[in-house]
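Dear colleague,

Please find below the structure for your records. My findings follow directly after it.

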Amino acid sequence: MFLSNVGLGRLVVLGFRQVGSSFRMFGDLFEEDYSSVSNYQYGKEKKLKTKALEPPAPREFTNLSGIRNQGGTCYLNSLLQTLHFTPEFREALFSLGPEELGSFEDKDKPDAKVRIIPLQLQRLFAQLLLLDQDAASTEDLTDSFGWTSNEEMRQHDVQELNRILFSALETSLVGTSGHDLINRLYHGTVVNQVVCKECKNVSEKQEDFLDLTVAVKNVSGLEDALWTMYIEEEVFDCDNLYHCGTCDRLVKATKSAKLRKLPPFLTVSLLRFNFDFVKRERYKETSCYTFPVRINLKPFCEQSDSDDLEYVYDLFSVIIHKGGCYGGHYHVYIKDVDHLGNWQFQEEKSKPDVTLKDLQNEEEIDDDPLIILKAILLQEENNVIPVDQLGQKLLKKIGTSWNKKYRKQCGPLRKFLQLHSQIFLLSSDESTVSLLKNGSLQAESDFQRNDQHIFKTLTSESPGLNDRPSCSHWFDINDSKVQPIKEKDIERQFQGKESAYMLFYRKSQLQRPPEARANPRYGIPCHLLNEMDAANIELQTKRAEWDSTNSNLELRLHLGPHYHFFNGALHPVVSQAESVWDLTFDKRKTLGDLRQSIFQLLEFWEGDMVLSVAKFVPAGLHVYQMLDGDDLTLCELEIADGEDLFVWNGVEVGGIPIPTGSDCEPLLLHVLHLATSSEGGRCPRLVESPHVFPSNAEVGAVLTALAVPVGVLFISATDPAGEEDWVAIPEEDLKKTFREQGLRNQSSVLVQDSSDDNSSLLTQGKWFTGMNEISWLQVQNLCELESEEKQVKVSATVNTVVFDIRIKAIKELKLMKELAENSCLRPIDRNGKLLRPVPDSYTVKEAELKMGSSLGLCPGKAPTSSQLFLFFTVGSDVQPGTEMEIIVEETVSVRDCLKLMLEKSGLLGDTWHLRKMDWCYEAGEPLCEEDATLRELMICSGDTLLLIEGKLPPPGFLKVSVWWYQPGGPTGHWKSHPDQMHGTPSPGGVWRAASTQGAPGDLHGEVSLLYLGDLEISEDATVAELKSQAMTLSSSSERVVPSPAFLRAWTVEGRRPGRLLRVNRQPLKEYKLGRKTEICLEPLQKEENLGITNSKVAAVWGPGVLLQPCRTFP
């Protein structure tokens, strides 16, 4: 938020909008982020509304709504909250009906007068009062001011905004019964008098004000400033005489000012910002400036016979600025006059004046869960609350959860509620709980008697508790955040960088009607009440849908019988596809529910079932933590989305005990040692081999694994210069564990056998081969030009530039100098594959080249910083060494990149698309956005793209390959799938795959799939519509099926039926099938309504639970 005291620029003040012409309200007043949006459009500029995926959160414990900051509107939010908490202003605005202001429905009618600003303020105030959301939006209101997304960023000040907003409102309400709204509530007058000391003639000049501006510099506080302004007199004498019109000459005189008319609401602006004429810069006054909560203005007014109470004002709002004169942030302290909010504080844990009896009572109450649960339910509407929210509110109330505080002695929360059925009533599905009528009456008396020991509650829901005038409910409203504060907290804003900037007072004689107390619906017109009620119902529906959708966890189940333990970790016996199952499960359900669901799936399981958290490490799958506590929900167990769970008996796998826990996590180390010659001796060549060790094993286990009785171990270390050294491990440290020694996955270890040739030496803690440190790179000649040497070693350090290495290699290989302008270096991996070229400007360290590694000197320049070097191949069956290469600009589109690759590979046609190869060398998701650039899709140099035949379906459509699934074996002849990439169908287009235990194939023995054809179908279509369209394929006409209801639909995964598409009316997009998928249809003897227990493979056990086979890789 920025400040300015120089005005707000251009302003066209028109209070209503004549449809057909657009007016700019407030000009360039607001500074917002450009993602903001609106329902309204002004002029030629149009803004798009960003669709919020998650519904706004409900109000917090204060029961008050904040206002979202659009990016720089904290000053606007603070002023709007002040106006909202001025009930007389709010209700006067509500009193103006559609007959005077018009309505939003008429805004597009040619001759309609629609006063947008007051209508938007009405709606905003109604939302702040009634809409169950933590923060309201001002986007529609700022749109009514004429703000647009490309408005120039300007600096603005809340004091200026207050004056301009009032001026705009006055203009907006011309011609309505509210035309004098601002004048009636905020208008006052000041009279300036000059008295001639000669003739006593009095000259007067009256001035109007909507707010008083008072000095801060060299003034101790508000009363001191008012004294200076309205009590002290200015004397004209000596060289500064006054010309009296009556005397017609210069005379001595006195000048003074008095408040003549006081408004019901007095706004005071503090001049915190000044200009230093010496330093020639602005600065903020941060000195102490006091102001009273109640002030008597009679001494500052003209004398009259009015009652003193007419001059008494109470503070009800303080707008606070935090920061300096060139930027900062606003928030506001507001007094809740109508007690609309819930004003409560948690009691401090220790007080010196608390008696022993009070402490004993407090402990008794805190230890009695019945009293606390009843107190929570009493504060809920209709005394009803979801059981999950009851646990959350208990946590907020006492600071600890049910499981930690009461579960040991009282059992699970639901069980406790069931045992006290004389007080609590659980719904049939046990999702909600309510207080029985007799329990409610008893709980209310307990709550009133005992709640003071738990919370210091001053809430609007119990008006009779706090009728004392001194009990003022104050809140700190900071954009979206609303917090209760105490009246004494205002004193903190007297001085400092965070200090009061505007003060708002109301006459103490202004009384609120009793029916307005704690009643947010008071004074709101019926049409807005109905609108807010409907909006709340819609919010509840959206939250329920969001909660249902986002309460599911995607879990991966690893079945123990399908794994075996070797080389320090778990590995699948056959494949991951047969060993891992995807499970969608509701995180609000318990561990016991999860275990029971898995039991229902795995009918072959015998004995105990233990669920453990597992993770993939480079060595394989490792089991970490055993899950315990069947009554705990997955949320309480902190099970994460995408968690890997190992299903086993908790002891062994395949007869081998399994080490568990992070202490024995397997480490994959790269062990380097001298190679063994055919004669059994040592070669001067280093070889590298992977080895797995538990983290808690001794480092000396490396020597044992290599059958080296006595030797020296070295670990890689980096010296201050950034060069890699090999540092010897002292003999006494060989008994330390790998973790204590600081070794991690992928660490390298060098081994020197004591019997090795002395040409391998250890000098000053560094490893040497021969007499020279390993400080070279090997460059091979791959330029197809003859040379005396096929490869050379080029000396280098980690800081050597690649360009220098390339030039040295060309010289030592005695190649043509012309290659210096048209060649590049490419790393060669262990399989002999050439990797992407290395830029000449990189150092060895930046290029991540290892000393001793091989590089290929190749023709052609390396790509520039704006280009990408890509591999590509045709089809998804990638064979090493068959990839083609291409250099393209990173800004090229997917469509153009596809054309270039087709041209280079000599392919024709427009029925191709690109896919990125994933890390396990399989075709990943297609690059669907053909107009997107490679950079936008995060394609990097060295990536491999696959040219796949087949055009992608248009957006919103799926391409479905349809197969016929005949459990008893095929009859007839069928053509094979033309695009089939994986496996070879049986003659006649039939796939056969043997079943595997635990997979769907065990239902029918041998699996037979016959290809019918392809469909393009909308992702909004249902499963029933998919079946109907599949029956229209020409190949399916040979099959006699009475109707689509006699078909089951399965996904095809691993060449066999996978996931059952169970619900005929469910849209295909909810199954997340992907843009290109395969479906098989199974004929049935009769129609069936497939229920929850009909399919072992689909394994749907209730809301939010879905099991399906899934391909995963370590």
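Asn567 is found in the loop that runs between β27 (563–566) and β28 (569–572). In this predicted model, Asn567 has a positive phi of about 55°, although it is not a glycine. Most residues other than glycine have a negative phi. The relative accessibility of Asn567 is 48%, and Asn567 therefore counts as partly exposed, given that the exposed class begins over 50%.

Asn218 lies in the loop between β7 (212–215) and α8 (222–230). Its phi is near 60°, again a positive value in a residue other than glycine. With a relative accessibility of 75%, Asn218 counts as exposed.

Four strands form an open sheet in the order β43-β42-β45-β44, and the pairing is mixed.

As for the pairing itself, strands of a sheet pair through backbone hydrogen bonds, either parallel or antiparallel. For β44 and strand β45 (residues 854–859), the sense is antiparallel, over five bridges. Within this pair, Ser823 stands opposite Pro859 in β45.

A helix also belongs to this picture. Helix α20 (residues 802–812) packs on the sheet and touches β42 (776–781), β43, β44 and β45. The direction of α20 makes about 135° with that of β43.

The last item is a pair of helices. The axes of helix α1 (residues 74–84) and helix α4 (residues 116–130) come within 11 Å and cross at roughly 80°. Since angles of 65 to 115 degrees fall in that class, α1 and α4 are therefore roughly perpendicular to each other. On the α1 side, the contact is made by Leu80, Gln81, Leu83 and His84; on the α4 side, by Leu121, Leu124, Phe125, Leu128 and Leu129. By class, this contact of α1 with α4 has seven nonpolar and two polar residues, and no charged residues.

Yours sincerely

Definitions and conventions: Residues numbered from 1 in each chain as written. Predicted model: local features only at pLDDT ≥ 70, side-chain atom pairs only at ≥ 80, totals over all residues. Heavy atoms only, no water. Axes fitted to C-alpha atoms, helices over the stretch in contact; angles between N-to-C directions. Helix = DSSP H or I, 4+ residues; strand = E, 2+ residues; numbered from the N terminus. Parallel < 35°, antiparallel > 145°, perpendicular 65-115°, else oblique. Contact = heavy atoms within 4.5 Å. Nonpolar A, V, L, I, M, F, W, Y, C, P; charged D, E, K, R; others polar. Pairing = 2+ DSSP bridges. Buried < 20%, exposed > 50% of the residue type's maximum accessible area, 1.4 Å probe, protein only.
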